[in-house]
Amino acid sequence: MALKLKTAPAVRPLTLAEVKAHCRVDSVDDDLLLDGLIDAAVTMLDGHRGILGRCLIEQTWELYYDEFPSGDLQIPLGDVRAIESVEYVDMTSGLYVEWNVSNYETDLISQPSWIVPIIGWPSHMTTTNAMRVTFVAGFGAAASDVPMAIRQAMLMLIGHWYENREATISGVTSMPVPFAVEALLAPFRRVPV
């Protein structure tokens, strides 16, 4: 299995203005740093490598398998909004062809989401990445669609990173990032099935 980002989100879950307000920054001197911290927080949480195991803002992904599964196909990222296509490498042409949507059902309500073949999976060429599913995932297209608990956890992380710019702090008792961040994110973490 392989996942490839096809279309990145159009916006980030937080704006620079929101982060500056949270960090009580009035000047433009640290805008570049704060932009980088927003990107770091998004990277930490978002997509298949993020600790949440889900997409925050709507984005399009391609899921590849060398062959169809023996049963139903699970989409490994959370909050799937739409299946755009299911394709396979045709045995004759060697090119991807789209499998007709009438041949499968989708369950986008369950977490994880599923594709369920109605008549069984099609025959395909035996090759690497022989089947491809293109899907859209995320809470929505706007930053406001991301649950406030996730956005608040991101603000807390960014604020912590902004105030503590090194990996360790000398001269004080060390402590982890406050429990509040973990508590805010816990309901949104996807446990691998």
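**Cysteines and aromatic rings**

Author: Cys23 is buried, its relative accessible area being 12%; buried means under 20% relative accessible area, exposed over 50%, and partly exposed in between, with a 1.4 Å probe and protein chains only. Cys55 is likewise buried, at 0% relative accessibility. The structure contains zero disulfides, a disulfide being a pair of cysteine sulfur atoms within 2.5 Å.

The model is predicted: local features need pLDDT of at least 70 and side-chain atom pairs count only at pLDDT 80 or more, whereas totals for chains, interfaces and linings use all residues. Residues are numbered from 1 along each chain as its sequence is written, and side-chain values use heavy atoms, leaving out hydrogens and water.

There are six aromatic pairs in the structure. Rings of Phe, Tyr and Trp (its six-membered ring) pair if their centres lie within 6.5 Å; planes under 30 degrees apart count as stacked, over 60 as edge-to-face and the rest as tilted. Trp99 and Tyr104 are stacked, with 5.5 Å centre to centre and 20° between the planes, and both residues are buried. Trp99 also pairs with Trp121 in a tilted arrangement, at 5.2 Å centre to centre and 35° between the planes. This pair links distant parts of the chain, 22 residues apart: Trp99 lies in the loop between β5 (96-98) and β6 (104-107), and Trp121 in the loop between β7 (114-117) and β8 (131-137). Strands here are DSSP runs (E, at least two residues), numbered from the N terminus. Trp121 is buried, as is Trp99. Together, Phe68, Tyr88, Trp99, Tyr104 and Trp121 form one aromatic cluster.

Technical notes. Helices (H or I, at least four residues) and strands (E, at least two) are DSSP runs, numbered from the N terminus.
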